[in-house]
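Please look through the model below from its aromatic pairs to its nonpolar cores and then to its strands. The terms are defined as they come up.

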Amino acid sequence: MKKLFFLILFCLTTIFSYSQSSKVYVGKIEGDIDLGLVPYVKRTISEAENNLAKLIIFEINTFGGRVDAATQLKDAIINSKVKTLAFIDKRAISAGALISLSCEKIVMVPGASIGASTVVDQAGKKQAEKYQSYMRSEMRATAEKNGRPADIAEGMVDERISIEGLVDSTQLITLTTDEAIKYKIADFKLSTIDEVLDSLGIENAEIETLDSNWAEAFIRFLNNPVISSLLIMIGLVGLFTEVKSPGWGVPGTAGVVALILFFGAGYILELASAFEIVLFIVGIALLLVEFFVIPGFGIFGFGGIALIIISLFLGLISDFPVINFAIIEEAIIQLAISLVLSLLIILILWKYLPKTAMFKKLVLDDNIDATSGYTTDEKYQHLMEKEGIAHTDLRPAGTAIFENKKIDVVTEGDYVEKSSNVKVIHIEGSKIVVRKIAD
């Protein structure tokens, strides 16, 4: 009986203690709003929900960023089962305003600002009306959900909306802290998170500040346009090098790893799906068929290149409700730069790699004369400068006929069709190098 009493007492004490301590999670939304921020915010919300937190505070200080990223962040915050509060430290401009409006409460420090949410491209040029219409509806619906003035939220996107005593029909709405409180966009003007907790009556708060973990930071790093462009270049150059050289080595491995990182990061950030990955694999398969099975370069080769380019392009843009030409333009420029630089690197490697010091370490470049005790196979020396006919397709290895004898030969890397006239230009031991000549 005593054991049962103490067990009940212990349980009641634990429940009472838990009820007296309130867990509050703090997440930071700073710098450019990009898709790499989404996993971090979702993890913050998930941990807060799993630990029955009383509140999530998002510290916001941003000039904005990608609309698709802001929309994903807005959806994640609105769907949170834990109450959310935006603590605007300095500014919440453009996409930052949409994220702030998605929180149930908004607190601004003295001297902060919120607004100016027009959709613009990379150069700051205003986008077409359909993008503005989409953003207006997002701002209006988000404001309405949390009981804030929809017309003011809409006026942050559209300068044609006039608010008496605030702006005329020629200005976008951007509010200071005092103006935001006056027009009921923000709830409080406070300077610290402790003041926020006191104003909400949250006592004995256990504050849990979450920073991006290494995986989230790594994904955000991979999503950087410069890094993702490098991954594309390494992938294409590495695979090309392996196709043109025997066996499998470092370039091919580096290429495969780079492409896995590119598509893997895109898959996590909802940029790439299984469809884009399958497209890329099919494109590579078509190119391999073209190189090793079908002579010449035709529909399989062009189809493979087209599928690879399409898959990489789709891996740079997200599935967005409205076609955003700012994002598409950025993806086109990024992909074009990657492809052009990849082509230049491939041409440079093709022309100059055999002459570099690194290549000489991998390939025997010294001549070995007869005095060393090692000589070339003398039975082939008489074929030097001889002309013959390709008995099979040379891609680049195959068989040719010289003096009515079938002899294994190899080209300099070019594809030579069967029955073409060829000439021996170099002999290395039993390796006979030929070149196609005019019929």
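Rings of Phe, Tyr and Trp (its six-membered ring) are taken as a pair if their centres lie within 6.5 Å; planes under 30 degrees apart are called stacked, those over 60 edge-to-face, and the rest tilted. By this rule there are two aromatic pairs. One of them joins F262 and F263, edge-to-face, with 5.0 Å from centre to centre and 80 degrees between the planes. Ring pairs link F262, F263 and F280 into a cluster.

This is a predicted model, in which local features need pLDDT of at least 70 and side-chain atom pairs count only at pLDDT 80 or more, while totals for chains, interfaces and linings use all residues. Residues are numbered from 1 along each chain as its sequence is written, and side-chain values use heavy atoms, with hydrogens and water left out.

Both F262 and F263 are buried, where buried means under 20% relative accessible area, exposed over 50%, and partly exposed in between (1.4 Å probe, protein chains only). A274 belongs to helix α12 (residues 274-292); helices (H or I, at least four residues) and strands (E, at least two) are DSSP runs numbered from the N terminus. Is A274 buried, partly exposed or exposed? Its relative accessible area is 47%, so A274 counts as partly exposed.

For the protein as a whole, 41% of the 439 residues count as buried. In soluble globular proteins, nonpolar side chains tend to be buried together. A nonpolar core is here a set of buried Ala, Val, Leu, Ile, Met, Phe, Trp, Tyr and Cys residues joined through side-chain atoms within 4.5 Å. The largest such core has 86 residues, and I57 and I114 touch the most other members. Helix α3 (residues 67-78) gives the most to this core, with six residues. Another core lies apart from it and has 14 residues, among them L394, V416, V422 and I427.

I114 has contacts (heavy atoms within 4.5 Å) with residues including I88, M108, M156, I173 and L175, not counting residues up to four places away in sequence. Among contacts in the protein between residues at least 6 apart in sequence, 62% join residues at least 24 apart.

The secondary structure comes to 15 helices and 13 strands. Five of the strands form a closed barrel in the order β9-β10-β11-β13-β12, with mixed pairing; two strands pair if DSSP finds at least two bridges between them. Strand β9 (residues 387-390) and strand β12 (residues 421-428) run antiparallel and are joined by three bridges. Within β12, V422 stands opposite G388. On β12, V424 faces V434 of β13, and β12 pairs with strand β13 (residues 431-436) in the antiparallel sense over six bridges. The hairpin of β12 and β13 has two residues between the strands, and G429 there takes a positive phi near 65 degrees.
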